[in-house]
Amino acid sequence: MKLTKLAVGFAFVLVALVPLSALDLPENTALSITTDFAFSPKTDYVAGQDHFAPVTGFYGGLEGRIVGKFTYKIPTPLGDNWLLNSANVELASTFELTPITMKPGIQATFTPLPFLVFSAGTEIGTGWTIAGLKGTGTWNGINDYEACTPFSKWFWKAWAQATFQFDTGALIPGDWTHVVMLASYQIYYHSLLGEADKDIWLWQNSGEKVNGLQQYVNAVLAYQMPLVIKRVGVMFEMDGYLSDDAFTNAAYDGNFMSISISPLAQFEFDSHSALTFLVGFSSRRSFSTSHTAGGEEPLLTTTGREWYFKRIALSYTYTF
């Protein structure tokens with residue numbers, strides 16, 4: 001039933017967006033719609049030190065979202081040199097919709113050099129509950145999250161990011177000389193407005209969150225080809241709080257950094273359509289005692305890192 005509702009909801013939104021394909025957009029503007037879908041197998045938690053947790057069931061969860069993005073580009077050349085004459089600023093508005101949340105946002109991006117990008121933005125959202133999936137919730141202090149009434153609680157995030165990107169094709173001309181490298185560092189603050197520091201809350205059915213500063217590291221190494229399968233490579237991610245006392249329970253290891261390693265393939269069917277396929281392996285806290293999925297984790301003692309097969313994901317983008 002959950003899968004059917006998810007599929008029908010997304011299909012309805014996509015059909016509603018079909019007329020947009022006839023839009024004649026003004027110069028220096030762009031509109032894109034991205035649909036993300038992910039399937040996760042079941043992986044039970046295993047107590048102990050660093051280890052790998054095996055898959056223990058076929059179904060562990062589904063994720064999905066649709067993100068619309070409208071961008072306006074402002075050329076800001078810094079000179080006639082080839083490195084500087086394509087400098088630009090992009091202003092963008094976004095709107096994210098999932099089966100249990102909605103989240104509009106704005107962002108600005110400055111590209112002074114082809115290989116360097118600075119960006120910042122903010123977004124705010126609210127959620128609701130469908131079939132037991134909670135958009136927003138607050139921890140009851142024991143083992144579960146109490147769902148919040150829609151529009152009574154708001155998730156807020158503000159972020160700033162620097163990205164370095166490079167393509168060896170810029171140095172060695174040719175269709176088969178492109179090794180693409182990207183590395184970015186983001187610092188962000190997120191909160192559930194109205195909650196006190198160290199109060200634990202949930203967003204998009206994912207808990208163990210508190211108000212506070214976090215850091216996110218992303219790196220991609222890929223080979224680019226003049227084919228429909230445009231790129232193949234691997235993505236590396238790290239994410240976690242900056243403060244080791246972000247949570248009340250010091251033994252929880254507040255600044256633990258989750259790590260994800262994901263082989264990926266990107267397909268470009270034409271100038272409008274692109275599809276990314278990703279297989280993700282990730283890590284989470286491992287605890288001294290056994291437990292099941294639930295809200296009791298902030299009370300436990302972290303003893304290591306648990307690696308597991310996280311998801312298979314698809315991301316389709318249509319640019320008008």
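Buried means under 20% relative accessible area, exposed means over 50%, and partly exposed lies in between, as computed with a 1.4 Å probe on protein chains only. At 37% relative accessibility, D44 therefore counts as partly exposed.

This is a predicted model, in which local features need pLDDT of at least 70 and side-chain atom pairs count only at pLDDT 80 or more, while totals for chains, interfaces and linings use all residues. Residues are numbered from 1 along each chain as its sequence is written, and side-chain values use heavy atoms, with hydrogens and water left out.

**Antiparallel pairing around strands 11 and 12**

- Helices (H or I, at least four residues) and strands (E, at least two) are DSSP runs numbered from the N terminus, and two strands pair if DSSP finds at least two bridges between them.
- Strand 11 (residues 155-167) runs antiparallel to strand 12 (residues 178-192), and 13 bridges join the two.
- Within this pairing, T163 stands opposite S184 of strand 12, and F155 stands opposite L192 of strand 12.
- Strand 12 is also joined by 13 bridges to strand 15 (residues 212-224), again in the antiparallel sense.
- Here A183 faces A219 of strand 15 as its opposite residue.
- Strand 11 has a further antiparallel pairing, with strand 6 (residues 116-127), over ten bridges.
- In that pairing, L116 stands opposite F164 of strand 11.
- In a regular strand the side chains alternate between the two faces of the sheet.

- An open sheet is formed by four strands in the order 10-9-13-14, with antiparallel pairing.
- Strand 10 (145-147) and strand 14 (206-209) stand at the edges with a single partner strand each, so one side of each is left without a neighbour in the sheet.
- From one strand to the next, the twist averages 35 degrees, where axes are lines fitted to C-alpha atoms (for helices over the stretch in contact) and angles run from 0 to 180 degrees between N-to-C directions.
- Two bridges join strand 13 (residues 201-203) to strand 14, and these strands run antiparallel.
- W201 stands opposite K209 of strand 14.

**Salt bridges**

- A salt bridge is a side-chain nitrogen of Lys or Arg within 4 Å of a carboxyl oxygen of Asp or Glu, and by this rule the count comes to ten.
- K42, with a relative accessible area of 39%, is partly exposed, as is D44 at 37%.
- E195 forms a salt bridge with K153, the closest N and O atoms being 2.6 Å apart.
- This pair links distant parts of the chain, 42 residues apart: E195 lies in the loop between strand 12 and strand 13, and K153 in the loop between strand 10 and strand 11.
- E195 is buried, with a relative accessible area of 17%, and K153 is buried, with 18%.
- The side chains of E306 and R284 meet in a salt bridge at 2.7 Å from N to O.
- This pair also links distant parts of the chain, with E306 in strand 19 (residues 302-319) and R284 in strand 18 (residues 273-287), 22 residues apart.
- Both E306 and R284 are buried.
- One network, built from salt bridges that share partners, joins D36, R65, E96, K103 and E123.

**Loop residues**

- Most residues other than glycine have a negative phi, and most peptide bonds are trans.
- A131 has a phi near 50 degrees, a positive value in a residue other than glycine.
- A131 is placed in the loop between strand 7 (129-130) and strand 8 (133-134), and its relative accessible area of 42% makes A131 partly exposed.
- K198 has a positive phi of about 75 degrees although K198 is not a glycine.
- The loop between strand 12 and strand 13 holds K198, which is partly exposed with a relative accessible area of 34%.
- L25 lies in the loop between helix 1 (2-17) and strand 1 (29-42) and is partly exposed, with a relative accessible area of 24%.
- Not counting residues up to four places away in sequence, L25 touches A30, L31 and F320, where contact means heavy atoms within 4.5 Å.
- The C-alpha atoms of L25 and F269, which are 244 residues apart along the chain, are separated by 21 Å.
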